[in-house]
Amino acid sequence: IAGDSGWAICLEEMKSGEPEDLFPAAVRAFESGDRQRVETVLNCAVGNDERAGAVVSAIGWLCPRQAATHIDSLLNASAPALRRMGIAAAAAHRRDPGTALERALEDGDKRLRARALRAIGELGRTDLMPAAIEGLGSDDARAGFWAAWSLARLSDEPCAIEALQQSVESHSPDEYRALQLVLRRMEAAEAATWLNRLAEDCRSARAATIGAGIVGRPDAIEWLLEMMGTPALARVAGEAFSMITGVDLAAEKLEGARPAGLPAGPTEDPADDDVALDEDENLAWPDAARLAAWWEERRGEFMRGTRYLCGRPSSDPWLEQVLSSGYQRQRTAAALELSLLRRDQPLFNVRAPGHRQQELLGLRKPAPET
C-alpha cells in the first residue's frame, strides 16, 4: 500500500537481520516483480535458514499466479540454496515441482536433497517412494529423517516406522514431528504399548502424554487425569484430554490456576541464561478434579479401544469437519489423519493464508486474481 516509501521502510528494517523483518520486504519485493528488489531479498536470505524460511513464507503468502514465476526462477537457479527455497516454496503452495524435484533428489547438496525428500511426503508423490527408501540409508540425519517421514506418510514401511520411533526415543530435534506421524501409522494397541514404555522414562514422559492424545483412545483418560497432577505435564495432559474428548476447557469452565511459585518463562534476572519461552504458554491449566467429574458423567459415551479425535471416532466426514472448523492444533491433526487415508494427495497445508484454505475447503468462493 505504501509503494516506494514502504519499500524504503522495509529496506531499513531488513538491516536488523531478523526473519520477521525480512518477511514484509520479501512480500513487497515479490509482489512488485522488481528484479533488483527480489535479488536484495534473496541475497539477505542465502546462508541463514531462518531468513530463508521467511522468504519461503513470503512466496507462500502470494497468490498462486504471482508465486509461480518466482518459484520457477528459484527452481532453475544455479545455487543449491536458491533451489532449496524453490522446492520449499512449491511445497508451501502444494505445487508439484515436477522434474526439478527429481533432480533435487539426486543433487550433491545434502540440504537440498533433504528438502526434496520432505516434499515427497508433502506432495503425495507416491511414485518417488523408491527415492525415500534409498534416503533412509543416508548418512545425513536430516535427509534420513525426512525420508522416513515421507515414507511413513505414504506407506506402512516398517523401516520408516522404526526410524521415526528412534527419532522420538533419542529426543532428536524432530521428536514431536515424528511422534505426530508414527503414532497414527501404528496399530492402536501397538501404539499404546510403546507409549507405556516411553512413560516409564522421565525424559520421555512428555512425549508419552502428548502421544496419548494423538492415539485418541479413551482408555488413556484415567492416566491423563493422573498426569495433570504433575505441573510440567499438566497442560499437555489437558490438551490430550481435549484432543480425545473434544471438551473445550475454557468454554466448559474446566480450567485451573497456575501452580503457585511455578515460573512462567524467562525471568527478569540478567544473570539467568535461560531465555527459552514456555513451550506450553498457549495451553490451558486443567482443573483435574472437575475434569474427572466431567469424565465420570460422560465415560459411557466413549467406546474403549476406539480412536477418537475431538469427541468422535475418526472418519472421513468428521475429519473434514474438524479441518474446516476446529482449532489450529485440531486442524493439524485432522489434516495429517486425512493424508494417511489419501496417500497420493498433498497434505493439506494448515499454515497457508486463511482465505486460501477457506477456498480449498469450499468455505468461500475463490477471489479473482489480479
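Is Trp61 buried, exposed or partly exposed? Trp61 is partly exposed, with a relative accessible area of 49%. Here, buried means under 20% relative accessible area, exposed means over 50%, and partly exposed lies in between, for a 1.4 Å probe and protein chains only.

Colleagues, a word on the basis of this talk. This is a predicted model, in which local features need pLDDT of at least 70 and side-chain atom pairs count only at pLDDT 80 or more, while totals for chains, interfaces and linings use all residues. Residues are numbered from 1 along each chain as its sequence is written, and side-chain values use heavy atoms, with hydrogens and water left out.

I turn to the aromatic residues. A pair of aromatic rings is described by the distance of the centres and the angle of the planes. Rings of Phe, Tyr and Trp (its six-membered ring) pair if their centres lie within 6.5 Å; planes under 30 degrees apart count as stacked, over 60 as edge-to-face and the rest as tilted. By this rule the count is seven aromatic pairs. One of them joins Phe23 and Trp61, edge-to-face, at 6.4 Å centre to centre and 85 degrees between the planes. This pair links distant parts of the chain, with Phe23 in helix H2 (residues 19-32) and Trp61 in helix H4, 38 residues apart. Helices (H or I, at least four residues) and strands (E, at least two) are DSSP runs, numbered from the N terminus. Phe23 counts as partly exposed, at 28% relative accessibility.

Phe241 and Trp295 form an aromatic pair that is also edge-to-face, 6.5 Å centre to centre with 75 degrees between the planes. Phe241 lies in helix H16 and Trp295 in helix H17, so the pair ties together parts that are 54 residues apart in sequence. Phe241 is buried, with a relative accessible area of 0%, and Trp295 counts as buried at 4%. Phe241, Trp294, Trp295, Phe302 and Tyr308 form one aromatic cluster.

H16 (residues 231-245) has 15 residues and reaches 21 Å from its first C-alpha to its last, close to the 21 Å expected at 1.5 Å a residue; the expected span is 1.5 Å times one less than the number of residues. Why is H16 described as largely enclosed by the rest of the structure? Twelve of its 15 residues are buried, so H16 is largely enclosed. Among the buried residues are Leu233, Arg235, Phe241 and Met243. Their cover includes helix H14 (205-215), helix H15 (221-227), helix H17 (288-298), strand S1 (308-309) and helix H19 (328-341). Just after H16, Gly246 takes a positive phi of about 85 degrees.

A further buried residue is Asp140, at 12% relative accessibility. Asp140 is found in the loop between helix H9 (129-135) and helix H10 (141-154). Not counting residues up to four places away in sequence, Asp140 touches Lys110 and Ala114, where contact means heavy atoms within 4.5 Å. Asp140 and Asp278 are 138 residues apart in sequence and 31 Å apart in space, C-alpha to C-alpha.

To close, which helix gives the largest share of the lining of the largest cavity? That share, three residues, comes from H6. Helix H4 (49-61) and helix H6 (80-92) each supply at least two residues of this lining.
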